[in-house]
Amino acid sequence: MRGDIERVYNIINLDDKGKREFILKLVSNEGYDEYAEMPPIFIIEGMDGSGKGTYNELVVNHLISKGYNVLLVKEPSNFLRTEIYDSVNKKMDPWITAALFIWDRKHQFSLLSKEKYDEKTILLFDRSYLSTLVYQTAQGISFETLLSLHDFVPKHKLAFVFVCDPEVARKRVVVRSKETGKEIIDEFEKLEFLKKEKEGYEKITRRVDDCYLIDTTGDESDIPKIFERIEKVLDEKIDF
C-alpha cells in the first residue's frame, strides 16, 4: 500500500490524461461484488457552515422512528483518512487529493458490498463523491473528468445537499471555531471558497439525479420548517 501512495504523490508529473488513467488503474485493483445487492444509499452533503450536521441527526432520528436500521458511513474512511487530510492541509496538487479520495471511496464500497444487511437497512453517507465533484472542480479539475472517475459508485436513492449564504456560512464557521477552539486555517472555510462551494453544490443538483437542494440561510427558529420539507421527501422515498 505504501508504494501505491508514493505513486499517487508522483502523479503531478503526468498530464491530465495520464492522471486519469492512473486513477482508473489504481481503483480497479480494489474490486467489488454486485452493488445491486447493497441497501438504499442516502447522502447528507453540503457546504461548510450550512448546518449539515444538525440535519444529519434529524434525518437519522426520523428514519429510526419509521423502523429503519440506519448504518452511518463517513467519508473519508479510516483506510486513507490520514493521507487525505495530510494532502489537504499541505495544499498538495488537487489531483493527489482527488486520487486519494477516489481510492478510499472505492475501497470502502468494496467492503460495504461484502456485508449482509437487514432488509430495512439504509446506508446514510455523511459526505460522498459529490464533495469531490465540488471541491476538486473548484481547484481546477474538470467536472466531467471527476464524474467519469466515479462510474463505480452505486446510484443513491436520494441526496440532501445543504447550502446557505456564504456570509452566513462564514459567520457560523467562526462561531464553531470559537466553541471548539479550532483555528480557521483550512482554505475551504474562507469566504471566497465558500462562494465557490455554494455554486458547486448548486451545479450538482442540476447535473446529478435525485439531489435535493436545501437552503438553510436563517436562524435556529427556521430549522423545524426546513426539516418539514426534508421529512416529506424522506417519506416519499422510504417505500420499502
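V161 stands opposite L213 in β5, and the bridge partner of E45 in β4 is also V161. Strands here are DSSP runs of E with at least two residues, helices are DSSP runs of H or I with at least four residues, and both are numbered from the N terminus. Two strands pair if DSSP finds at least two bridges between them. Strand β1 (residues 41-46) is joined to β4 by five bridges, and the two run parallel. Five bridges also join β4 to β5, again running parallel.

A word on what you're looking at: this is a predicted model, where local features need pLDDT of at least 70, side-chain atom pairs count only at pLDDT 80 or more, and totals for chains, interfaces and linings use all residues. Residues are numbered from 1 along each chain as its sequence is written, and side-chain values use heavy atoms, with hydrogens and water left out.

Is strand β4 enclosed or open to the outside? Six of the six residues of β4 (residues 158-163) are buried, so the strand is largely enclosed by the rest of the structure. Buried means under 20% relative accessible area, exposed means over 50%, and partly exposed is in between, using a 1.4 Å probe and protein chains only. In a regular strand the side chains alternate between the two faces of the sheet. Both faces of β4 are covered: L158, F160 and F162 are buried on one side, and A159, V161 and V163 are buried on the other.

At the start of α5, a side-chain oxygen of D93 comes within 2.7 Å of the backbone nitrogen of W95.

**A buried lysine**

K198 sits in helix α9 and is buried, with a relative accessible area of 18%. Its side chain makes a polar contact with the side chain of E202, at 2.5 Å. A polar contact is a pair of N or O atoms within 3.5 Å; within protein, one must be able to donate a hydrogen and the other to accept it, and residues adjacent in sequence count only if both atoms are side-chain atoms. An α-helix has 3.6 residues a turn, so residues three or four places apart point the same way. Leaving aside residues up to four places away in sequence, K198 touches M47, V163, C164, D165 and P166. Contact means heavy atoms within 4.5 Å.

**Cysteines**

How many disulfides are there? The count comes to zero, where a disulfide is a pair of cysteine sulfur atoms within 2.5 Å. The sulfur of C164 is 18 Å from the closest cysteine sulfur, in C211, which is too far for a bond. C164 counts as buried at 0% relative accessibility, and C211 counts as buried at 12%.

**Loop residues worth a look**

Most residues other than glycine have a negative phi, and most peptide bonds are trans. The peptide bond from E75 to P76 is cis, with omega near -5°, and P76 is in the loop between β2 (69-74) and α4 (81-89). Two residues other than glycine have a positive phi: R127, near 75°, and D210, about 60°. R127 is in the loop between β3 (121-126) and α6, while D210 lies in the loop between α9 (191-207) and β5 (211-215). Q139 is in the loop between α6 (129-138) and α7 (143-148).

| Residue | Relative accessibility | Class |
|---|---|---|
| R127 | 16% | buried |
| Q139 | 25% | partly exposed |
| D210 | 26% | partly exposed |

**The whole chain**

The protein chain has 10 helices and five strands, and 50% of its 240 residues count as buried. Along its principal axes the C-alpha trace spans about 50 × 40 × 35 Å. The radius of gyration is 18 Å, which agrees with the value near 18 Å for a compact globule of 240 residues. That radius is taken over C-alpha atoms, and the globule rule is 2.2 Å times the number of residues to the power 0.38. Among contacts with a separation of 6 or more, 81% are between residues 24 or more positions apart.
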